[in-house]
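Please look over the sequence and the model below. The report that follows takes the chains in turn and then looks at how they meet.

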Amino acid sequence: MCSPCHKVAGLVLLLAIAGCEREEREFQSPPPQSGDAGAAVLSTLSPGSSAPQATPSPTGRKYNQNAYHISEGKRWFRWFNCNGCHANGGGGSGPALMDEKWIYGGSIEHIAATIRQGRPNGMPSFDGKIPEQQIWQLAAYVRSMSGNAPKPARPSRNDALNPGPAEQQRDPLPTVGGAAQGPR
Amino acid sequence: MRTGSRLSAAILALFLAGCTGLPAGLDPAGPAAEMITGLFWWFTAICTAVWALVVLGLGASLLRARPADDGASPLDRGSARRISATRVVTALVGATALVLVALTISAFITGRGLAQLRGEQVRTIEITGHQWWWEVRYSDGGPAETLATANEIHVPVGEAVRLSLRSNDVIHSFWIPRIGGKQDLVPGQVNHLDFTIDKPGIYRGQCAEFCGFQHAHMGLVLVAHPRDEFERWFSSQLKPAQAPRGAEARAGQQAFLSRSCVMCHTVRGTPAGGKIAPDLTHIASRSGVAANTLPMTRGALAAWIADPQAVKPGAHMPRTELDSDELNSILAYLEQLK
Amino acid sequence: MPDRPDLDLSHLPTAGFGSRSAITWGTYGFILLEATGFALAIGAYFYLQSRSSEWPLGVIPPDLEPGTILTLAMLASLVPNHFIKAFARNHRVQAVRLGLVLMSVVGVALLVIRALEFAVLNVRWDTNAYGSIIWLLLALHTLHLLTDVADTIVLTALIFTRHGHKKRRLGDVEDNGVYWDFVVWSWLPIYAVIYWVPRW
Amino acid sequence: MSSSDEGLRDTGLDSVRLHDWLSRTWDHKRGLVGWFSTVDHKVIGRRYIITALFFLALGGLAAAIMRLQLARPENTIVGPDLYNQLFSMHGTTMMFLFAVPVMEAFAIYLVPLMVGTRAIAFPRLNAFSYYVFLMGGLMMWIAFAFNTGAEAGWFSYVPLAGPEFSPGKRTDFWAQMITFTEVAALSVAVVVIVTVFKQRAPGMTLNRIPLFVWSELVTSFVVLFAMPAVMMASTMLILDRLVGTHFFNPAEGGDALLWQHLFWFFGHPEVYIIFLPATGMVSAILPAFTRCPVFGYTAIVLSLIATGFLAFGLWVHHMFVAGLPQLGSSFFTASSMVIAIPSGIQIFCWIATLWLGSPVYRTPLLFVLGFIVIFVLGGLTGVMAAAVPIDAQIHDSYFIVAHFHYVLVGGAVFPLVGAIYYWYPKATGRMMSERLGRWHFALAFITFNAAFFPMHILGLAGMPRRVYTYPAEAGWSAMNLVVSLASLAFAFSFVLLAWNMMRSLRHGTPAGPNPWTAGTLEWATPSPPPPYNFARIPVIDNVEPLWRGNGSPAGEVSGLRVDARELLVTTLTEAMPDLREPSPADSIWPLLAAVAVGATFFGSIFTPWAVIWGLGPVAVTLIGWFWPKGAPEDE
């Protein structure tokens, strides 16, 4: 067969796989594997670009691609009152989450670590309070707020008053500051 | 009308022989459900009769003796009998119309009767549908008398009750077959359902409008008490949660307040004030857990807390990473929340 | 081998105008279903209005100028449209050609005004339900406008070729004119709903 | 314009040369391009029917898995996620990809034959509609295979189907599949209407139109008025999900019930879109097997029209418990009762036909008899559901599941299966096995009732719809097991049908033009019909034209061209010959246009800009479609 056909077939396959990854409804995460979350857990507590590079983990990738996980994250964000400090991602007493600046790293592993461990100046630690899967879902959602998730997986508007365009409508912003980019 | 209803009730009862009595939808527990059931039997009687007549007529037309084929063109066949057929068909259509008018009128009469059942002195209970549980609030008596519970509605017998139904997320539908019809809970509006219960008892129901993954496990229980028993229940529910007794329960309370539980649940009288999951102040007094998916036993509660996703896949209660000591102590604590 | 009574139809014409032609009935069919679509969208508008205490929801009504100019221009275009249909029936090919060129230009001009209309709705589609429904109404009509303008332009090109003299092509011109009438008349209620209902 | 001398006419041609000429003119070319270019309504209709039956099999498979899951309480064969997709796919497939298309497919195949014309009106639009339908259906099932199946039910109520509660693209695929099938259905509706209005054989006045054609005509009008509602609704849904509009968001002035109003304004007529053609099939089968014209032709036609009108006055009875004002509900109770009258008239007329005629118990008639028994029961439970107080109890319970399966399977699928047995010889030239057909009927009739009657009682016992499991304590287990076993056996009855259809294709007895000695025009031409349908267009003077003394129509037409595709166009009411219009030649452009439209729809699942990008290809393919190519038909 001609090579364009191969390319088309390859593209279709990729789309299909992306579709599967995006649409899975995984209610129960398998027990965390060693090394998955570990790399990011040990990130530094101080801001700046000296943060250690998080290795893109399969876990991070999985949550980052999956529409259900991200939408669950959006739910926890509201239910756990993250808005109290990060009003709709726009920031308040906590930093804004929908811009490109990441004090403690913008990869999903970094964000998960930030939620898990807390950060100085007000971000509490939720370790033990928010189960691991929910932390990853929250982190995936937080990334999607700046457009850093596949567009079809990003949440659309809620059935509520909407302060601005939904995550799906935002243009992806590069992650600046903190550690280097996590997996897209 | 009455005889017909009885007859068809008897026929249907035959169908159900072997089952445990009448299906819930035909076993009324209050005047509203009684009127609906009466109308149901009346319609069933008429419709059964109509169906039987049609099938008999069909059979008769197939079996009737026919003259030998006279070889005439099919176009002329039966032309001699067409006039009488026209008369019969016209009469049948007329009869159909009359039957339909009768049925329509009886439906209206029942509808009006249901509307008149509404008493003036009603107790209002607010029901809010959540994916996948029912929030129940009693707020008639002002702030001091406001009570929140979940998945279990208690009402006094013989008192008119009005449910005001809302939804917090998607459309649900409130349905307890034995108290009468159902009513949807639609986001953005408040619907009402009125009923009175005659007999004390426990009546089961579940969400009737498809609402997502755990639509099948969104059960609710209605408990009808005699008046004084209800008052006792109500005042005991108004109290804040008991302080834990014993070391294990105290440890359980600590675990409850320091682990995930506190993020979503309220236990009045403790710092736990989460508003997004059922109020657990008196959870041990309820008859079921997980929206009546499991009975309220220590084992079932343990199974539910240890792995909610195994009981109700997709439910919003996550699996928490509790070790067995924590789990046991939390169970001990919750069991004291009578 | 006719062994049965024979009905000789060799004298019948091969094209007809108006309700004689099958194509016209097809056009009517599509007009009917599209009109239903418009009616339902307008129904949805009034339904949403009835469910809200204020209307338009916290925004000012659209500016009147572009929409009104467009409405007047569309009504005016009915005149040449009428003449084009008559020319087509009378087989006046040159007149049809000129008329179609005119209608193509008018159509493009109308599309430009339509673009301005979107700019002065004073609400975004994602602001609230009021914004959503008026954007839907306007977009729905724009789709029809765009379709018919494109159709007119293609037909104009076609009528300048050797096919222009064929009676069937002139029938197409007539059907296109009928469809244009629909695009204009269906606009009037939508215009009233978008621009005047919020001002009541 | 009087007679023109262009072209070769059929006048005076002997039958062999006539056949040669007409075949050359009307047959499609061999080869792949020819296969995709054909606009022959019989080829398209056959493809439509086979495709719809294929989707029936898929939808049935989904149902079988659901019944396996429900066979026992707390079963874990499938979880809630897959179960929700399965029942959504089942309902969506059966309604949008099977029932409506198959009823239209029969119209596409049969209406031109029954009205005595050579081709369907707008044959390219007809071919286009098939490809759009095919792409929509395949798209949805391929998406399902990739875990992106519809999950919010065939009704996709918001907010559950809305952006917040249905993340990802599952519901977008559903909503866009609606657009595909509606474009197809609306196109077919226009095609059928114009065929019936303008292409009837001379003499086929309004009161000589076969009842099946009447039913498809009324259905097509119902489609024209009903389908735009669901397209509007699905468009709003996809806009809410994709670009953040607020049609269904109560917090921003939207309304969740707007969806239900729009959906049921379509959804209730939808039932009649499926049911009316089925009644037409009954009215076509009965005369052939009673040797007697249908009793009460005029009454049946008026009933069809009345049903078509009343179908639009019932939608609120799907919303009796949604919290609407009481007064409105009363009106809809009354209108829901009234629609029983036209259905009753039809039933009585059919029974009268059986009484007047001499029944011949062949398989098609057996299915019609089964239809009457089952459908009347379903209709009567419908009357019960029309009463608001009763509906409040049975709404969204298994009682309703039982009711609409009695109406839709009993009322539409049984006649449809009868119609397959009846017209199969016409389409293939061979008879289906009668012995197997009787077994099929017996199995289907018994297992259908065994599967669906107990559901009434399950509903009364409190079992709601759309639950993926139920507790053992509920006491529903035994009856659910019976239902599951019976429904698997019912599914097996369709295997018998498929086997019979496939086997008879080779081994069936040759049928000849009119194996049932039926009276309508499709039986006046060989089986299977030649590409040009009729060597000479018949002239008729009767509603059963082949039942005149010698078994052939009253006369025939001459003077039509044989070297170019030419149709006889007649007047609307009297069917007087009026024009000789050309009929478009085969063309690949409808397929290309369908691909362009399909790509646009598919793209707009992911980005609204796809609509803009798609304009170009769609415009190009449409110009290619309509631009004259110099064929004689274009002149």
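## Ground rules

A residue is buried if 20 or more other C-beta atoms lie within 10 Å of its own, exposed if 12 or fewer, and partly exposed in between, with C-beta atoms placed from the backbone. Helices (H or I, at least four residues) and strands (E, at least two) are DSSP runs, numbered from the N terminus.

This is a predicted model, in which local features need pLDDT of at least 70, side-chain atom pairs count only at pLDDT 80 or more, and totals for chains, interfaces and linings use all residues. Residues are numbered from 1 along each chain as its sequence is written, while chains are lettered from A and ligands numbered from 1 in the order in which they are written.

## A covered strand in chain D

Start with strand 3 of chain D, residues 566-570. Five of its five residues are buried. On one side sit D:Glu566, D:Leu568 and D:Thr570, on the other D:Leu567 and D:Val569, and all are buried. Both faces of the strand are therefore covered, given what buried means here.

Strand 3 of chain D pairs with strand 4 (residues 577-582) of chain D. Two strands pair if DSSP finds at least two bridges between them. Here there are five bridges, and the sense is antiparallel. D:Glu566 stands opposite D:Pro582 in strand 4 of chain D. The two strands form a hairpin with six residues between them. In that hairpin, D:Ala575 takes a positive phi near 55°.

## Chain B as a whole

Chain B has 338 residues, and 43% of them count as buried. It holds nine helices and twelve strands. Its C-alpha atoms fill a box of roughly 100 × 45 × 40 Å along the principal axes. The radius of gyration of chain B is 28 Å, whereas a compact globule of 338 residues would have one near 20 Å. That radius is taken over C-alpha atoms, and the globule rule is 2.2 Å times the number of residues to the power 0.38.

## The sheet in chain B

Five strands of chain B make an open sheet in the order 3-2-1-5-8, with mixed pairing. Strand 3 and strand 8 (191-195) of chain B stand at the edges with a single partner strand each, so one side of each has no neighbour in the sheet.

Strand 1 (residues 123-130) and strand 2 of chain B run antiparallel, joined by six bridges. B:Ile127 stands opposite B:Val136 in strand 2 of chain B.

## Two domains in chain B

Chain B is assigned domain 1 (123-238) and domain 2 (247-334). The bounds come from an automatic or database domain assignment. The C-alpha centres of the two domains of chain B lie 22 Å apart.

Two residues are in contact if their C-beta atoms, placed from the backbone, lie within 7 Å. By that rule, 17 residues of domain 1 of chain B are in contact with 15 residues of domain 2 of chain B. Strand 2 (133-138), strand 3 (147-150) and strand 10 (219-225) of chain B each supply at least two residues of the domain 1 side.

## Where chains meet

Which chains share the most contacts, of the five pairs in contact? Chains B and D do. Their contact takes 73 residues from chain D and 74 residues from chain B. Helix 11 of chain D gives the largest share of the chain D side, twelve residues.

Chain B and chain C do not touch. Their nearest C-alpha atoms are 10 Å apart.
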